[in-house]
Amino acid sequence: MSRKRICKHLLEELLQIEIADINYLEAEKTLEPEYTSRGIRLDIIVADDKNTHYNLEMQVKNNKNPDTDTYILPKRSRYYQALLDIDLLQKGQPYDLLPPTFIIFICVFDFFEKGNYVYTFKKRCLENLELELPDEATTMILNTKGTHGAISKDIKSFYDYVNNHIVTTDFTKQIDDEISYLKLDTKVRREFMLMEARLLDERREGIAEGKEIGLAEGEAIGLAKGESKEKLATAKRLFSMGLSVQDIAKATSLPIEQVEALQAEQA
């Protein structure tokens with residue numbers, strides 16, 4: 001995507017529009033609104049001749065937050081849009097100067113599991129779905145594993161290339177040639193090795209954190225088991241005092257079914 005002709009053609013084919021030219025604002029642009037806020041690094045951000053801004057991101061894994069067991073992609077897209085808008089509007093400028101934006105995630109998985117090649121999102125009124133909020137902000141989630149929908153031949157070939165490294169059109173031939181050329185570039189090879197080293201360090205850090213989390217989870221499980229035993233002991237004492245199942249369940253926060261089972265054991 002760092003090659004203009006490839007990036008421009010992909011956008012034209014995806015959106016079915018003609019673009020006279022695109023300008024690269026910054027590759028791997030870092031946005032950090034405040035030192036206390038979470039920063040992001042955008043893969044590719046370009047602007048066309050009509051000042052529409054496009055942010056393209058590659059997603060190879062459908063990550064979950066282990067603490068909440070929720071997928072991060074939806075709110076990641078929301079956060080990217082927010083920080084991109086902050087970056088595009090200077091202090092004192094009116095809101096209407098915000099340019100149209102497209103946040104485009106190229107995913108090698110089907111996030112919604114509906115089989116669409118493309119999922120496009122804009123804001124609509126729930127009371128009248130024909131009403132669209134004209135904020136000119138669009139989020140697109142591309143699914144290279146899709147099976148249906150209206151996409152061009154070149155977009156389909158791009159998907160095939162991403163999935164299986166298959167060259168089927170002149171467009172993917174250009175991409176393949178560019179990648180082959182980049183592999184011979186000593187600077188690119190050096191950056192690739194540095195990236196691999198960083199990923200290895202991150203994996204090692206992740207394993208270490210995982211072990212720490214494992215210990216913390218073990219402690220939490222131990223505490224939970226201790227609390228459960230204490231509640232059961234309390235329930236037994238309350239039974240000896242003649243309290244009802246309902247009162248004991250309320251006093252100990254134990255499920256009624258568990259209290260009833262304990263009552264049967266006591267009988």
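# A walk through the rings, strands and a helix

Let us start with the aromatic rings: 9 aromatic pairs are counted here. One of them joins Y80 and F105, whose ring centres are 5.9 Å apart with planes at 40°, so this pair is tilted. Please keep in mind as you look around that this is a predicted model.

Where do these two residues sit? Y80 belongs to helix α2 (residues 73-88) and F105 to strand β6 (residues 101-107), so their pairing ties together parts that are 25 residues apart in sequence. Y80 has a relative accessible area of 5% and is buried. F105 is buried too, with a relative accessibility of 0%.

Y117 is in the loop between β6 and β7 (118-121), while Y159 is in helix α3 (residues 153-164), so the contact ties together parts that are 42 residues apart in sequence. Are these residues buried or exposed? Y117 is buried at a relative accessible area of 10%, and Y159 is buried at 1% relative accessibility. Elsewhere, ring pairs link Y71, F111, F112, Y119 and F121 into a cluster.

Strand β3 (residues 53-59) pairs with β6 in the parallel sense, over 7 bridges. To see one of these contacts, look for Y54, whose bridge partner in β6 is F102. Strand β3 is mostly covered, as 6 of its 7 residues are buried.

Now turn to strand β8 (residues 137-143). The pairing of β6 and β8 is parallel and runs over 7 bridges; here I106 has L142 in β8 as its bridge partner. Strand β8 also pairs with β7, but these two run antiparallel and are joined by 4 bridges. In that pairing, the β8 partner of T120 is M140.

How many of the residues of β8 are buried? The count is 7 of its 7 residues. In a regular strand, side chains alternate between the two faces of the sheet. In β8 both faces are covered: one side has A137, T139, I141 and N143, the other has T138, M140 and L142, and all are buried.

Next, take a look at the cysteines. A search of the whole structure finds 0 disulfides.

Our last stop is helix α6 (residues 245-252), whose buried residues are V245, I248, A249 and T252. Viewed down the axis of α6, these residues fall within an arc of 100°, so they line one face of the helix. What does the face turned away from the buried side carry? There you will find the exposed residues K250 and A251. Just after α6 comes S253, which takes a positive phi of about 65°.

Definitions and conventions
Residues numbered from 1 in each chain as written. Predicted model: local features only at pLDDT ≥ 70, side-chain atom pairs only at ≥ 80, totals over all residues. Heavy atoms only, no water. Phe/Tyr/Trp six-rings, centres within 6.5 Å; stacked < 30°, edge-to-face > 60°. Buried < 20%, exposed > 50% of the residue type's maximum accessible area, 1.4 Å probe, protein only. Disulfide = S-S within 2.5 Å. Arc of directions from axis to C-beta. Pairing = 2+ DSSP bridges.
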